[in-house]
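Dear colleague,

I am handing over the structure we talked about, and below it you will find an account of what turned up in it. Please keep it open beside you while you read.

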Amino acid sequence: QVQLVESGGGLVQAGGSLRLSCAASGSIFSINAMDWYRQAPGKQRELVATITSGDSSNYADSVKGRFTISRDNAKNTVYLQMNSLKPEDTAVYSCHANIHTRTGWFRDYWGQGTQVTVSS
């Protein structure tokens, strides 16, 4: 059994910063790519940032230069540092990971989501 648990969401004023964390635990052999997605009310889920096991990262155009994704492989944790937040960043943020479990399976796992609200 594998779980992803997010933390760090909340309410912040425009221009402020938040740092999201997502920790994976359970029967993990290794973790491949880890991602952050977000979904705002009435909108489709959007891929925000991706980081590979080799630390290569990619970002949605809407967050480039403001958000930074990183990971700590020793802790099986991925982070999303969000700076210069805008009201349009308001959404539920969820982490995703492709995990090689100790039973030999490669599976996709999702966190429960954390709310980020940016006030103007």
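A residue is called buried when its relative accessible area is under 20%, and exposed when that area is over 50%. Please also bear in mind that this is a predicted model.

With that cut-off in hand, R38 counts as buried, because its relative accessibility is 7%. D89 is buried as well, since its relative accessible area is 1%.

These two residues also meet each other. Side chains of opposite charge can pair when their charged atoms come close. R38 forms a salt bridge with D89, and the closest N and O atoms of that pair are 2.9 Å apart. Because R38 belongs to strand β4 (residues 28–39) while D89 sits in the loop between β8 (77–82) and β9, the pair ties together parts that are 51 residues apart in sequence.

D89 has a further partner in R66, with 2.7 Å from N to O in this salt bridge. R66 is found in the loop between β6 (57–59) and β7, and D89 in the loop between β8 and β9, so this pair ties together parts that are 23 residues apart in sequence. Both R66 and D89 are buried. Through salt bridges that share partners, R38, E46, R66 and D89 are joined into one network.

In total, the count comes to four salt bridges. One of them is formed by the side chains of K64 and D61, at 3.2 Å from N to O. Here D61 counts as exposed, because its relative accessibility is 67%.

What joins C22 to C95? The link is a disulfide, with an S to S distance of 1.9 Å, and the count of disulfides comes to one. C22 lies in strand β3 (residues 18–26) and C95 in strand β9 (residues 91–101), so to speak of the pair is to speak of distant parts of the chain, 73 residues apart. The disulfide is right-handed, because the torsion about the S-S bond is about 45 degrees. Both C22 and C95 are buried.

Strand β3 also takes part in an open sheet of four strands, whose order is β1-β3-β8-β7 and whose pairing is antiparallel. Its edge strands, β1 (2–7) and β7 (67–72), each pair on one side only. On average, and with direction ignored, neighbouring strands of this sheet are turned by 15 degrees against each other. Between the antiparallel strands β1 and β3 there are six bridges, and V2 stands opposite G26 in β3.

Methods
Residues numbered from 1 in each chain as written. Predicted model: local features only at pLDDT ≥ 70, side-chain atom pairs only at ≥ 80, totals over all residues. Heavy atoms only, no water. Disulfide = S-S within 2.5 Å. Helix = DSSP H or I, 4+ residues; strand = E, 2+ residues; numbered from the N terminus. Buried < 20%, exposed > 50% of the residue type's maximum accessible area, 1.4 Å probe, protein only. Pairing = 2+ DSSP bridges. Axes fitted to C-alpha atoms, helices over the stretch in contact; angles between N-to-C directions.
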